[in-house]
Each structure stands twice: as structure tokens, then as C-alpha cells.
Amino acid sequence: MSHRLLITKTPKCYVGGAFIRSESGRVMALHDASDGFFANIPQCTRKDLRNAVEAAARAGPGWAKRSAFNRGQILYRLAEMMEARAAELAEAVALGGASQAQAAEREVAASIERVVHYAGWTDKYEAILGSVNPVASAHFNFTVTEPMGIIGVIAPDDSPLLALISLILPAITSGNCVVALASNTQPYPSILLGEMLATCDLPGGVVNLLTGLRSEMVPTFATHEHIRALSGAVNAADRKTLKMGAAESVKRVRLLKAEEPIDWFDDKMQGVEEIRALIEFKTTWHPVGA
Amino acid sequence: MPAVKAPTSLRRLFDEIGTVDQVGIEERVAKFTTRSLKKKSKVFGLRLAVSMVDLTTLEGKDTPGKVASLCQKALRPHDIGDIPPTAAVCVYPAMVKHAKKHVGGTSVKIASVATAFPSGQAPLKTRLAEVHAAVNDGADEIDMVINRGAFLSGEFGRMQDEIAAVVEACGQSTLKVILEVSELETYDHIRAASFLAMRVIRPGDFIKTSTGKTSSNATLGNNQVMLEAIRDHFLATGVPIAMKPAGGIRTAKQALHFLIAVKETLGDDWLNNGRYRFGASALLNDLVRQLEKERTGAYQAPWNFSEATEGY
Amino acid sequence: MPKTTSKTNPARELVFGDLWEYDPAPETADPKLKQRYDLFINGAFVAPKKGSYFATINPANETKIADIALADAADVNSACIAAQKAFVSVWGKMPGKERGKYLYRIARLLQDHAREFAIAETLDGGKAIKESRDFDIPMAAAHFFYHAGWADKLEHLAPGRKVAPHGVVGQVIPWNFPLLMLAWKIAPALAAGNCVVLKPAETTSITALKFGEICQEAGLPNGVVNIVSGAAETGAAVISHPLTTKVAFTGSTEVGKSIMRSLAGTDKKMTLELGGKAANIVFDDAPLDQAVEGIVNGIFFNQGHVCCAGSRLLVQESVADEVLAKLKRRIAVLRVGDPMDKNTDLGAINSREQLAKITDLAKSGVTEGAEKYDTGCKLPAKGFFFRPTIFTNVSMSHRIAREEIFGPVLSILTFRTPEEALEKANNTPYGLSAGVWTDKGSRILKMSAQLKAGVVWANTYNKFDPTSPFGGFKESGFGREGGKQGLLDYLSVV
């Protein structure tokens, strides 16, 4: 019986619609649950982050202009791509060892459900968050939402797929672009997720997924002025660093406490309030006359 | 007058003259009403307003006797004090010769509405004949109505030609062109009609808001549209056109607001009765009443003023 | 298409002379001021613990009006404790409809005392009486009236979720609209069930402390509203106090950033309403006279002390000369002087410091090569005044095109296409407001969508309403004030 040598995959990060290695050439060795070598994961740098922000900036205006219906279709397509490769995703989630296979399947299922949930929000949140305001003067006055622009997402170590996608989805539902840093300890699901994002008709650059060390990347997330908001789950020290940096360009900050347990499966972790946190309100006045 | 080529559509005219935002201009004029006039400046304004009144009677029941008392009131608005005469009396053509007996040779001019006032719905020939008759009887000023039908149906050339014909019929008399703003309805239309009229009348001729015979008359808003049209026309051509709001200005306070609009829009050169008039009747007594209040320090009862209708 | 009216002949200029001058028309009602204002803590006026006071002056004549208590950290601590106690024992658990009735009362009492408040505002801050009378005070009352009605309807703000008040809210407000900014802050905070500790601006404390009297008159439970006057350190104490779980600040971007830094290690919620450098964009098809009025409202309202002032006029090249000529004629009839005179359009600059800042920036405009124009009108001998000023030939790199002047100084730039207008308008770290003037409806909607600003005034400018959310993009801050969007910033979604 002849043994065929298996082809191993070189994990690459999904940035600007392409699959890249870190510009630094650095990698982090990733091990499976039994501590065997699994793959080398890119150890991205602040320059990779900068490049990802550039990619997001190129993609942003076009994504924001897509119709809400179209954004919904694309997100639903993402769910289709994930469902088709759900088993593979579950294996990736289980790779970290912390998860039992069953738990991994549950996480993948919840992640797919979450994608479908937001696919349905794209053409509805505006009706809930926006308003027509009955001002006392002879003006028509309405408030609509607008995406903030580029959102920096920093995922926690746990729930490597569900947490990451729960942070990304509300941002892109409303037309933002995302530059995300995946779980430090379990980055491999983000590699697979990138492959699904690449095949779901999402324009390249709308979501950019980096792997690497939070300790190296957080200061750049904090101070990069083109990033308009930060969303993630990090520890107290990182929260402070991110908020200090955010002050320099009045960045919006929405950070959960990674040191406390977060139930990413909870329905409260999804919905219009999550979308609201990453949009701007714009109010327009116009006279009513003949 | 040189022949003026009429614009072929409102849109083209607006490309030249610009449009008006209704809410914006009403906010502007609301600011005039917050000006506060005290003491000398109030008396100056009230006296100025008196001197700008075209004291008007345009009733089917007008008689030579009614016109006679109107003329007396115009010459001497109040029996006490040094209140100036009004600018003019304004009557129907049949009453011109009667007015002439009383104010002829004085500073008070005789203005006559003509051109099938107030509708203008008579053949042009008839309208021009009426103008000739009024002028021949001694009218110093003719208040005509524009052909609103022609304007609203886009026949700008016809509207302007008719005005030009009346200009010619006026001879030496001053012309006031009534736009009848309530029938034009929008500020854009009022601005457009103002320009069309101004382009065929002479320096010192007037544009005028209303006949006083429709539901709405002079307001600060349409007054402002016309003042700004006059300003833009003057700055572009050097031709100063005069302005007459008419109808609905019944109180001294209102009149002062209109004058503040003139002061802040057209400036000092329009603060005289050669360039600005009020078409009014009841207004005169309220102006006199307020002047008497300023002179005596006491609020006045209406029956102290001749021709007052408020007897209660 | 070129407009025939743009060919103006200087020889045909209008005369805005002295033929008919307005006599002085001073507002003379009694503002019922006290010689000395103490801190309003726990429902009572109390002297500051250290006994320090500072003088507040009338910027129109530089005379002292009253002594104002200077709160230090210990006083702020008392206020925060009072607020926390009121929140826990009374306000936080009071049914919304009962809270609402207090707010309605406050709205009514502000209306009752409107004239007093208007005069106090003008005396202390320098703004023209007609603005404090017709805008600031009625709008402040309107904010309480609007938010009163929300108090028992909060569950409609976040569909499908529950909401809860934050507890004690620390608020720091600026000097440009003293009572109105107080209303913008306190009305939604109270409607949501929070208690507040508010610090008014150093130069304009009087109406905030008079508002304490209104709270007493309304029978508002002690400690629900606390007013601590003072300087920057007082504000810092309010913001950093451990009991203030939510902080709302209106003021400069510089201070806003320092607040963000100072709270970086905390979990406090923030709403920041910061500076602006708004573009007011006039297209060639705009109703030009109304655009000019909007330009005037945009930059000369409240002496230009407005964060959303339309301080950069972007005018399409083909009508630039005409707009400038119209603007000059319009500002010729603006009246600068005694703020208490009912005919004054521009009152006093709020403080000597602010006047120095405006003067310095205007000088930089000249130095950097822009062309300055002002009306040359006579200014009062005493007090802080600045003429309405227009700069032409301004380029995007000039300081006067980039920095917030917060005074009656307009920088005019030109553009040729909508795209260029958008690029110039958005070429700033600020994003508070913008104006667009055009007769073309679809262009308005496109411009509005692409302007990076929280408020877009189309064919109007500087309009405000309690129902209309206000607040910025980018470095103009975050969070909104007004409307359902603003109110939710005073609640946690649980």
C-alpha cells in the first residue's frame, strides 16, 4: 500500500482580498491539541496592520455604497460558505484543545447563525436607529446612520471563531470595513474564515484578518488615526493603552473585559445595539417651502 | 424703451436672476420685526411712513364727496401738530377729476388705478383707453395690473409688451405695476414677475404688490422678495425702481417693520416717497395716533382722528 | 450659466448711512442677581469649603457682576455623594412619569423666569439680548419640555432590550450657550433617571446657579441636580470622581482629548461634543440671498462662538464675486455693540482671552497672505468686541482655514465641482456640521450623504431643536445630544 504524502497548508492572512504572509516573514508555530506541530501562522507586524488599514480604506467607500439588500445577500452567502465547510471549521476551533469536538461544533453552528442574523439586519437597522424628527420650525429633519469607516477589531483568545465573527459582523453590516486581529492562542479559525470571506462575494479589503501577538499590535491599533473605532475584548492594560491612543484622534472605543467571562453565545451579544455602537448619526435639515 | 427680448421659460429666467427660498426669506424678514424703535427714531419712522402713504379709496360706493374728504385727510392727516401730508391719494379713474379739485397744485399726487383694475381682464385696447382717460383727467400716477394669465401661462413677451404699452400711454405720469402677488403665489414667481416688469419700466416707476382686492396682500415676505429684486436690478443696470406694498398694512408697527426692511435692504436712497409708498387707508390714522402718543405721552382713543372707522 | 446680476458696478452701490438711526433700546428688566453665588449641592446653596470665590465680569464693560464660589475637589466630592444618595434613595427608583412631571415643572418655571434668565445670560456672557431672549432661554425650556415626555417611555429607545440609568453623571459645559448647554445636558440625564453634578464654564456661572433656584422652586428632590462652579480643576474633579460613571463634556477638542486620556484607565461612559470647522458650501444655483443670510447666521450668530459655526465658506467660483458682494452689503447693516441693546446683532466677545485668540488668528490670516475685510463699524470703548470679519484668498493650508477661531471670522474659499467641494469640506479632522446651498434636490442628498459631519444644514444653517440629534464625526466628538439618539447616550442597554 503506497502512502501518499499529504499536502500541508501554509496558513495565510486574508488582507485586501489577497492571502498574505507577514511582511516581516515572521511566523508563529501552531500546535494541535496533542501538542504536535500543526502549521506556521504569520506573526503580523504594525506594518501589516498599516497595509491592512490601507486596504480597508480602498474598499470602504464602495462597500458603504452597496445597497443594504446587496450587503445582506453577501452576508448570507458567507453563511453558505461556512455551512459547507462547517466540519473543517469545527476541527479548526477544536485545534486549540480547550474545546471538545462537540463544543467546537456548537461554536461553529452559533457562528453561522450569527452571520444569518446580521444578514437580515442590513436593510432593517436603519428603520430602527434612524428617525424623522418633528422639529418646531418649517424644516424637514431626518437622522440617518452612517458607517464610521475603518473599525479595529481585537478578538479575545477564547471562542476563536464566534467571538471574532461576533465582533466583525455588526461593523460590516452597516458598511464599515474591519481590520481584525484574531485570537493569539487559537488563530487558525481566522485563517479558514478568511478563505470563506474570500469566496462569499464580499469585496476584498472589507474584512482584513491578521494573526499575531496582541502585545505587538495593540499600540498601533491604539494610535493609527485612520482607524475610527476600536471594538474588542481585551485585558485591563490593553484597554488603557487603546483608550490612551484613541484620545489622540477622538476614536470611538467599545471594549469588553477579556479578564471576565463573556458568553458569546448569548443573544445579547448580537443585534441592533451592536450595530448602533459602530455607526455615526447624521442629521439633515431642509426647509419646507414652495 | 429699447425692445427687450423676453425669456422663453421661467427656468431660463431663474438661471439669470436666481430663485428664492421661502423659509429662508421668511426667517430674514422675521428679524426686521425684532428691531426696536425708540423715541426719535420711532418718530422719524412714523413721519416718514405718513409721507409715503397713498391714501386709498377703491370702492364701488365712492362718490365725489368721499373723495373730497379723502383729499382733505391726505393734505392734513391731523388737525393738531405738524404731521406731513401723505404722498398721494389713490382713486378710481372716474374720481380723478374730483380729486384734482382738492389736491391739484399741492404736494399730494393723484394716483389712479387703471387697466381694468383689479382683474385686468379687459381687452388691451380698453385698458389703454382707461389709462389715457385717467392721465387726461390729471392723474400723476397710474397703478396698473399685470396680465397674470399671460405670466402664468408663460407668455412673458405678451406680459411685457402690455406693460410697455401702458408705459407709453402714461406719458409723463409715473407708473406703478401691480403684480398681484397672491395670484402669483410663490416667491419665485414674484421675483420673476418683478424682473420682467422692471425691464420695461422707467427709472422711478414702481412695482407694487397687490390690488388689495384678493385674500392676501402685502406681507414682509413678498415685500422683501421685491426689494431684493429692485436691489439686484439696480446694481446690474443702474436703474432705480420704486416699491409700493399695498393692502393689509393697517398698523403703524407693521409699517415700521416694512420701513426697516427698506432701510436694511436698499438703504437710505429708498427712504423717501419717491422710492417707497404704502398703499393703505386705515394705516394713516394709526400712524397719526402713534405720533400723537409720542407727542403727548398718552395713548389715544381712535375717535380723536378724522375718518377713523373704529367708534367703539 | 453666468448670472447677469453678477456684474456689479461700484458706482451703483447702495447707501447704508445714518439717515434713520435706531436710538438705543436697552433691555431694562431686573435679572434679580445676587452679589454672591454659592455652590448648589444637595438642594441648598452652600459656601465652598475653602471659602474661595472668584469674580465674574460683564464682558461688555469689564465691570464685576458677582462673586462666584470656587469648588475644589472636596466640594465636588460632596456634590457627587449627594447625587449618588439622591439616585439610590429617590430619583433612580421614582416612576418615569413622576420624574417627567418634575421636568415639566422646570420647563414651565424657566418660561416664567425667561426674561430674568435672558438678561443674566447677556450680562454675564456678552451675547446679544435678542439671542438670549429669542433663542437660548426658550430653547432651554423646550429641551426640558421635550425630555419630560420621554421619562416614562424609555423602553421605546432600545427595541427588544431593557435600559437603565448610569447613576451619577458628571457634566462640564462651555461658555457659549451657558443655560442652553446646561439644558442639553441635564434634561436628558434626568429624564433617563440619572442624577447630575454639573460644572458651568468659569466665565458664565450665573445662569447655572440661578437654575439651582429653579430646581428649588420646582421642589426637585435634594441632590438630583448639583451645580459646582469653578475653573478647570473643578471640572477635572467632576470628571475623575469615582462616583460619576458617565461623563458628558462640551468644549474644545484639546480638552476633550485630555479627558479621554484621563479616563483611559476607567470604565466610564463618555459623550464628547467638541470643536468644529464647518464648511458652508454654496453652489451657483443656490437662492443666493438666503444663502447669504445663512452664511451670516452661520458665522456671526452668537459672535461666532458656536462649535458648529460655518467658519469656512466654500463658494462655487462662478458666483464667488456675487456672493461676496452680497455678503458685504448684508454685514453693512449688522449692529455690533452693547449686548443689552435690543437692536444689537453681535454682542461682546466672551472674555479677554477669547478676544486675544480671535485677534491672533485674524492676524495670522493677514500674515499668511489672505485678504481681510471688515465693516469698519465703531466699537464700544470698553469691553471685548470684534468686528464681523471676512477673509478672501484663503487657501486650505492657512491657519484660518484649519483652526477653530470661535469668533466672528469667516474664511472664504472657492471650488469648481461638487467633488472638489466635498474634498475641501472633508479635509479637516473635525466633523461636526456642514451647510449646503443649492436648488437641486438630488445634489443636496448626495452632498449630505458624503459630507463627514453629524449635522448637515441644507439651504439653512445653525438650526437646533430638542428633537434633532446634534453631535460630531471624527475629532468633533462622539455621542449625540437631542432626539432619541441623544437620550440613549444617558442610559445603559442591559
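What area is buried between chain A and chain B, and what share of that area do carbon and sulfur atoms give? In this predicted model, the area buried between chain A and chain B is about 430 Å², and carbon and sulfur atoms give 59% of it. Buried area here is the accessible area (1.4 Å probe) that two parts lose on being put together, summed over both.

Residues are numbered from 1 along each chain as its sequence is written, chains are lettered from A and ligands numbered from 1 in the order in which they are written, and side-chain values use heavy atoms, with hydrogens and water left out. Local features need pLDDT of at least 70 and side-chain atom pairs count only at pLDDT 80 or more, while totals for chains, interfaces and linings use all residues.

**Chain A against chain B**

Six residues from chain A and five residues from chain B take part in the contact, where contact means heavy atoms within 4.5 Å. On the chain A side, H139(A), P287(A) and A290(A) lose the most area to chain B, together 74% of what that side buries. By class, the side of chain A that touches chain B has four nonpolar, two polar and no charged residues. For these classes, Ala, Val, Leu, Ile, Met, Phe, Trp, Tyr, Cys and Pro count as nonpolar, Asp, Glu, Lys and Arg as charged, and the others, Gly among them, as polar.

**Chain A against chain C**

Here 39 residues of chain A are in contact with 47 residues of chain C. V250(A), K282(A) and W285(A) supply 19% of the area that chain A buries against chain C, more than any other three residues. The table sets out the two interfaces of chain A. In it, a salt bridge is a side-chain nitrogen of Lys or Arg within 4 Å of a carboxyl oxygen of Asp or Glu. A polar contact is a pair of N or O atoms within 3.5 Å; within protein, one must be able to donate a hydrogen and the other to accept it, and residues adjacent in sequence count only if both atoms are side-chain atoms.

| Interface | Buried area | Carbon and sulfur share | Salt bridges | Residue pairs in polar contact (both at pLDDT 80 or more) |
|---|---|---|---|---|
| Chain A and chain B | about 430 Å² | 59% | zero salt bridges | one residue pair |
| Chain A and chain C | about 3,400 Å² | 55% | four salt bridges | 27 residue pairs |

Between chain A and chain C, the side chains of K452(C) and E146(A) meet in a salt bridge at 3.9 Å, N to O. Among the elements that give two or more residues to this side of chain A are β6 (139-147), α9 (236-247) and β12 (279-287); helices (H or I, at least four residues) and strands (E, at least two) are DSSP runs, numbered from the N terminus. β12(A) gives the most, with eight residues. By class, this side of chain A has 13 nonpolar, 11 polar and 15 charged residues.

β12(A) is also joined by three bridges to strand β18 (residues 455-458) of chain C, and the two run parallel. Two strands pair if DSSP finds at least two bridges between them. W285(A) stands opposite W457(C) in β18(C).

**Chain B**

Eight strands of chain B form an open sheet with parallel pairing, in the order β7-β6-β5-β4-β3-β2-β1-β8. β7 (242-244) and β8 (278-280) of chain B stand at the edges with a single partner strand each, so one side of each is left without a neighbour in the sheet. Within the sheet, β2 (residues 88-91) and β3 (residues 109-113) of chain B pair over four bridges. The bridge partner of C90(B) in β3(B) is A111(B).

**Salt bridges over all chains**

The whole structure has 70 salt bridges over all chains. In one of them, the side chains of R35(B) and D345(C) meet at 2.9 Å, N to O. R35(B) lies in the loop between α2 (22-32) and α3 (39-51) of chain B and D345(C) in the loop between α10 (320-331) and α11 (352-367) of chain C, so the pair joins two chains.
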